[in-house]
Amino acid sequence: MKRSKGKNKIRIGGGAGFSGDRVDSAVELAAKSELDYIVLECLAERTVALGNMIKIREPGKGYSETLSARIRTLLPVCLPKGVRIISNMGSANPLAAGKRTYEIARELGFPEMQVAVVLGDDVLDIIKNKPELILLESGKTLESILPRIISANAYMGADAIVPALETGQAVVLTGRVADPSLFLAPMIHEFNWSYNDYKLLAQGTLAGHLLECAGQLTGGYFADPGKKNVPGLARLGFPYADVTKDGKVTLGKTPETGGKLDVMTCKEQLLYEIHDPSRYITPDCVLDVTDVNFKQEAKDSVHAFGARALARTDSYKVSVGYMDGYMGEGQISYGGPNAVARARLAGEIVIERLKIRKFDYLEIHKDFIGMDSLHGKTSTLSEPYEVRLRLAAKCRDKMAANAVGEEVEALLTNGPAGGGGFFRQTKELVAIQSVLLPRYLIKQTIHTIGK
Amino acid sequence: MSIKVYDIAHCRTGDKGRTVNISVIAFDEAKFHYLKQHLTSEKVAKDFSPIAEGPVSRYELPKLHAFNFVVENMRGGGVTVSLSQDIHGKSLSYLMMGIVLPEN
């Protein structure tokens, strides 16, 4: 089931763009698209921090919660076809993820399958001894949040993953890795690309960036009925890229599925989560997409070209997760004549009652859903038929957070007329800031599970 | 007479903490030049002022007939600690597309 290297072209699929992504689309991609690799990108900004909190309570957990479902459905499709799986579902506990994947493979009747696990992104012990590091977002020192830190993970690059691919194992699992690096690694592995060949690294990183959100390249997060129509969106097919040894990138989509892949969907995804288009920093290079362009080759087939890059920087970006108090929230709806005035009165009452109870809040946020909850107070809109009050407050104390939901609930019998459909929740807030750490401080290692 | 960004371009939002980026991709070259003249970073900063302190930067990608706007200092603190309903700012492309511009 191991594939040999030395090809001139490989096909890499984007099988997940976040932890909640659709498993069915990934299975269809793997089954129908003649892939060499499928990449499952499943880590949002806070996921590793939340995973670390779970790992502290349960040392065998802390990997992606959707790992078992994804591996169980994808292995029977991928292994017989020789499609290799690369994923950051290891999250806060890549070794445990590897063990779980190995167990599932045995349960499914693949006793030979082993798992290569990439370690080294967890730098919590290193940064705890560096309180002088500057947080990029607040400009303060790390010391300001030190007692509340729960995780610190470096965004590793493709060079951390390539040695795991060299082991030949069908499944490679990592913790925190930059999203495009998950895709660049198999290209470097297969084509022996050099870290000094910026033209190739640029095209590979471009392909990775376009694929990393899976369905967002093929018509997801795009449709606007009557203006930007997407056929068969309910059966959205996931994308892949054909990449050649000399860096030609052609994007495609799972055959016989819904969605669409064209120059418009590619342009939108190219600029997704990019700031300065001439300086998109990854651990592998500094990508410049200013002159990137797209050409429709055929239906659902687009050629992407024109990427440039400069050498990678000498540091890793490290995502630091820390406890940041609590959020209490309550919601309730009002409809019909004078609904907005009743919702406004309800909001004022809750805030006054919280004050009377002497709770302290760092911030209280009031929304009228249907009017201003997404874009703030925009221009003169006529009043809606119905409106939903949403109160959310941040505080250090859990009791104070609970009180927000309690007081919204109490509106049912103690508030304005006709309030219904109430909801409340209290959440522990996990915040993220970043620091830069010199490359030489971080060592990556590979562990093979099942050997 | 006036026109909306929605009539001549399409947009997508991405987030990174307290900063969001919103692409504006003109439907053709003439509309790109029109937007270049009228959809300035100052205009976007003004229309986003209820939800962001700014500043706003505009990057040009003429080959794609596109701009990338980077809006800094979202009020409420961004994805990880924001109390907003749409903590990722995923809906903000439609605030951009609702911006009204003068007709040439």
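Is A:Asp288 buried or exposed? At 13% relative accessibility, A:Asp288 counts as buried, because the cut-off for buried is under 20%. Hello everyone, and before I go on, please keep in mind that this is a predicted model.

Let me stay with that aspartate for a moment. A:Asp288 makes a salt bridge with A:Arg308, and the closest N and O atoms are 2.9 Å apart. A:Arg308 is partly exposed, with a relative accessible area of 36%.

Now for the sheet around them. S9, S10 and S13 of chain A form an open sheet of 3 strands, in the order S9-S10-S13, with antiparallel pairing. Strand S9 (280–281) and strand S13 (308–311) of chain A are at the edges with a single partner strand each, so one side of each has no neighbour in the sheet. S9(A) and strand S10 (residues 285–288) of chain A are joined by 2 bridges. If you want a residue pair to look for there, A:Ile281 stands opposite A:Val286 in S10(A).

On to other salt bridges. Over all chains, a search of the whole structure finds 30 of them. One is between A:Asp36 and A:Lys7, whose closest N and O atoms are 2.7 Å apart. That pair also links distant parts of the chain, 29 residues apart: A:Asp36 lies in the loop between helix H1 (23–32) and strand S2 (37–40) of chain A, while A:Lys7 lies in the segment before strand S1 (9–16) of chain A. A:Asp36 counts as buried at 8% relative accessibility, whereas A:Lys7 counts as partly exposed at 24%.

B:Asp47 and B:Lys43 form a salt bridge, with the closest N and O atoms 3.4 Å apart. These two are 4 residues apart in helix H3 (residues 41–47) of chain B, so about one helical turn separates them. B:Asp47 is partly exposed, with a relative accessible area of 23%, and B:Lys43 counts as partly exposed at 24%. Back in chain A, there is also a network of salt bridges that links A:Glu28, A:Lys32, A:Arg235 and A:Glu256.

Next, the interface. How many residues of chain A are in contact with chain B? There are 46, and they meet 41 residues of chain B. The area buried between the two chains is about 3800 Å², with carbon and sulfur atoms giving 56% of that. Across this interface the rule finds 2 salt bridges. In a salt bridge between the chains, the side chain of A:Asp291 meets that of B:Lys63 at 3.6 Å, N to O. The rule also finds 23 residue pairs in polar contact across the interface of chain A and chain B. On the chain A side, the elements giving two or more residues include helix H9 (263–270), strand S11 (293–298) and strand S15 (363–369). H9(A) gives the most, with 5 residues. By class, this side of chain A has 19 nonpolar, 11 polar and 16 charged residues.

One last stop: helix H2 (residues 47–57) of chain A. Its buried residues are A:Val48, A:Ala49, A:Gly51, A:Asn52 and A:Met53. Among the elements of chain A that cover them are helix H5 (124–128), strand S5 (149–154), strand S14 (315–335) and strand S17 (420–438).

Methods
Residues are numbered from 1 along each chain as its sequence is written. Chains are lettered from A and ligands numbered from 1 in the order in which they are written. This is a predicted model: local features need pLDDT of at least 70, side-chain atom pairs count only at pLDDT 80 or more; totals for chains, interfaces and linings use all residues. Side-chain values use heavy atoms; hydrogens and water are left out. Buried means under 20% relative accessible area, exposed over 50%, partly exposed in between (1.4 Å probe, protein chains only). Contact means heavy atoms within 4.5 Å. Buried area is the accessible area (1.4 Å probe) that two parts lose on being put together, summed over both. A salt bridge is a side-chain nitrogen of Lys or Arg within 4 Å of a carboxyl oxygen of Asp or Glu. A polar contact is a pair of N or O atoms within 3.5 Å; within protein, one must be able to donate a hydrogen and the other to accept it, and residues adjacent in sequence count only if both atoms are side-chain atoms. Ala, Val, Leu, Ile, Met, Phe, Trp, Tyr, Cys and Pro count as nonpolar, Asp, Glu, Lys and Arg as charged, and the others, Gly among them, as polar. Two strands pair if DSSP finds at least two bridges between them.
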